[in-house]
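This report goes through the chain region by region, beginning with a loop and ending with a helix and its surroundings. Please keep the sequence and the coordinates at hand while reading.

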Amino acid sequence: MLNIKPPALVLYTERMIPARFAGFTIGALVLIRPFYRDDAGLLVHELTHVKQFWRSLGLSLLLYQLSKTWRLRFEVEAYRAQMACYPDDRSVLFAGFLVTRYGLKITQDEAVQMLEQK
Ligand SMILES: [Zn+2]
């Protein structure tokens, strides 16, 4: 996949970000808590959601909210892109996030497996 940054507005703020998240994306607007300003992986995660927004012509906003299947698909893609930014293996950590923070009905093992698929 081409690694092109999509058109996005990135703001470092504590506002409008749900408590369980370090970053949050709405369409092409990326919000990241200032504490995570140097976390390149988190930025890549959120920009992946922006790519999903553009390539779906905005439909990802609706799909993400209405469909657990699509929400899982979008998050797995974003976490896999994020994992590629770190030298250590964070699949177990991110699988835990997938299991607990997105209202998805998946197990830790299923989440790890999805994140580690090539
Ligand atoms: Zn995400």
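Ala19 counts as exposed because it has 4 C-beta neighbours inside 10 Å, where a residue is exposed if 12 or fewer other C-beta atoms lie within 10 Å of its own, buried if 20 or more do, and partly exposed in between, with C-beta atoms placed from the backbone. The model is a predicted one, in which local features need pLDDT of at least 70 and side-chain atom pairs count only at pLDDT 80 or more, while totals for chains, interfaces and linings use all residues. Residues are numbered from 1 along each chain as its sequence is written. Ala19 belongs to the loop between strand 1 and strand 2, and its C-alpha atom is separated by 26 Å from that of Pro7, 12 residues apart along the chain. Here helices (H or I, at least four residues) and strands (E, at least two) are DSSP runs, numbered from the N terminus.

Met16 is found in the loop between strand 1 and strand 2, and Met16 is exposed, with 10 other C-beta atoms within 10 Å. Its phi is near 65°, a positive value in a residue other than glycine. Leu57, in the loop between helix 1 and helix 2 (59-66), has a phi near 55°, which is likewise positive in a residue other than glycine; Leu57 counts as exposed, with 7 C-beta neighbours inside 10 Å. Ala84, which lies in the loop between helix 3 and helix 4, is exposed with 10 other C-beta atoms within 10 Å, and its C-alpha atom is 10 Å from that of Ala40, although the two are 44 residues apart in sequence.

Three strands form an open sheet in the order 1-3-2, with mixed pairing, two strands being paired if DSSP finds at least two bridges between them. Strand 1 (9-12) and strand 2 (23-26) are the edge strands, each pairing on one side only, and neighbouring strands are turned by 15° against each other on average, direction ignored. Strand 1 pairs with strand 3 (residues 29-32) in the parallel sense over four bridges, and Val10 stands opposite Val30 in strand 3. Strand 2 and strand 3 run antiparallel and are joined by four bridges, with Thr25 opposite Val30. The hairpin of strand 2 and strand 3 has two residues between the strands, and Gly27 there takes a positive phi near 65°. In strand 2, Gly23 and Thr25 make up the covered face, whereas Phe24 and Ile26 make up the uncovered one.

Two packed helices are described by the angle between their axes and the distance between the axes. The axes are lines fitted to C-alpha atoms, for helices over the stretch in contact, and angles run from 0 to 180 degrees between N-to-C directions.

| Helix pair | Axes come within | Crossing angle |
|---|---|---|
| Helix 1 (residues 40-55) and helix 3 | 8 Å | roughly 140° |
| Helix 2 and helix 3 | 6 Å | roughly 115° |

Helix 2 passes helix 3 in a left-handed crossing, that is, with the near helix turned anticlockwise from the far one by less than a right angle, clockwise being right-handed. The contact, for which C-beta atoms placed from the backbone must lie within 7 Å, is made by Ser60, Leu63 and Tyr64 of helix 2 and Trp70, Arg71 and Phe74 of helix 3. Its residues divide into four nonpolar, one polar and one charged, where Ala, Val, Leu, Ile, Met, Phe, Trp, Tyr, Cys and Pro count as nonpolar, Asp, Glu, Lys and Arg as charged, and the others, Gly among them, as polar.

Helix 1 passes helix 3 in a right-handed crossing. Residues of helix 1, including Leu42, Val44 and His45, meet residues of helix 3, among them Phe74, Glu77 and Tyr79. By class, this contact of helix 1 with helix 3 has six nonpolar, six polar and one charged residues.

**Helix 4**

Which residues of helix 4 (residues 91-101) are buried? They are Phe94, Ala95 and Leu98, and they lie on the same side of helix 4 because they cover an arc of only 105° around the axis, the arc being that of the directions from the helix axis to the C-beta atoms. An α-helix has 3.6 residues a turn, so residues three or four places apart point the same way. The buried residues of helix 4 pack against helix 3 (68-83) and helix 5 (108-116), while the face turned away from the buried side carries the exposed residues Val92, Thr100 and Arg101. Just after helix 4, Gly103 takes a positive phi of about 65°.

Conventions
Two residues are in contact if their C-beta atoms, placed from the backbone, lie within 7 Å.
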